[in-house]
Amino acid sequence: QVQLVESWGGLVQPGESLRLACVASGNAFTFYTMGWFRQAPGLQRDLVARITFGGSTNYADSVKGRFTISRDNAKNTVYLQMNSLKPEDTAVYYCNSPIDGLGRFVQWDWGQGTQVTVSS
């Protein structure tokens, strides 16, 4: 079972940037598509960015052009660079490996997530 640890969230003002990191234990990380998800209070958890083992990416429309997902397979780490943050980006952010295209099903148990708050 892979364990996921997300970090580097925080409180920022609108327009600022944050870079999140997620470290996965185990040796199988390299071969999995990885994704960043977020969950705002009272809402479902949504997939916002995805990266294949080969480095192909895609994004939810709400973050396209502002967020960039990347991975370092040697470090078992996936990153999410978030620029031009908006208050509506406020959520707990999680990583996991999406099984289906919408990210309704994932490979592993969820980590604790990292809180991102965008507020003036």
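Strand 9 and strand 10 (residues 114-118) lie antiparallel and are paired through three bridges, where pairing calls for at least two DSSP bridges between the strands. Strands here are DSSP runs of E with at least two residues, numbered from the N terminus. Within this pairing, Tyr93 sits opposite Thr114 of strand 10. The model is predicted, so to speak of local features pLDDT must be at least 70, and side-chain atom pairs count only at pLDDT 80 or more, while totals for chains, interfaces and linings use all residues. Residues are numbered from 1 along each chain as its sequence is written, and side-chain values use heavy atoms, leaving out hydrogens and water.

Now look at the other partner of strand 9. Strand 4 (residues 34-39) runs antiparallel to strand 9, with five bridges joining them, and Trp36 has Cys95 as its bridge partner. Six of the six residues of strand 9 (residues 91-96) are buried, so this strand is largely enclosed by the rest of the structure; buried means under 20% relative accessible area with a 1.4 Å probe, protein chains only.

Finally, visit Leu85, in the loop between strand 8 and strand 9. Leu85 is buried, at 2% relative accessible area. Beyond its neighbours within four places in sequence, Leu85 is in contact (heavy atoms within 4.5 Å) with residues including Val12, Pro14, Phe67 and Val118.

Methods. Buried < 20%, exposed > 50% of the residue type's maximum accessible area, 1.4 Å probe, protein only. Helix = DSSP H or I, 4+ residues; strand = E, 2+ residues; numbered from the N terminus.
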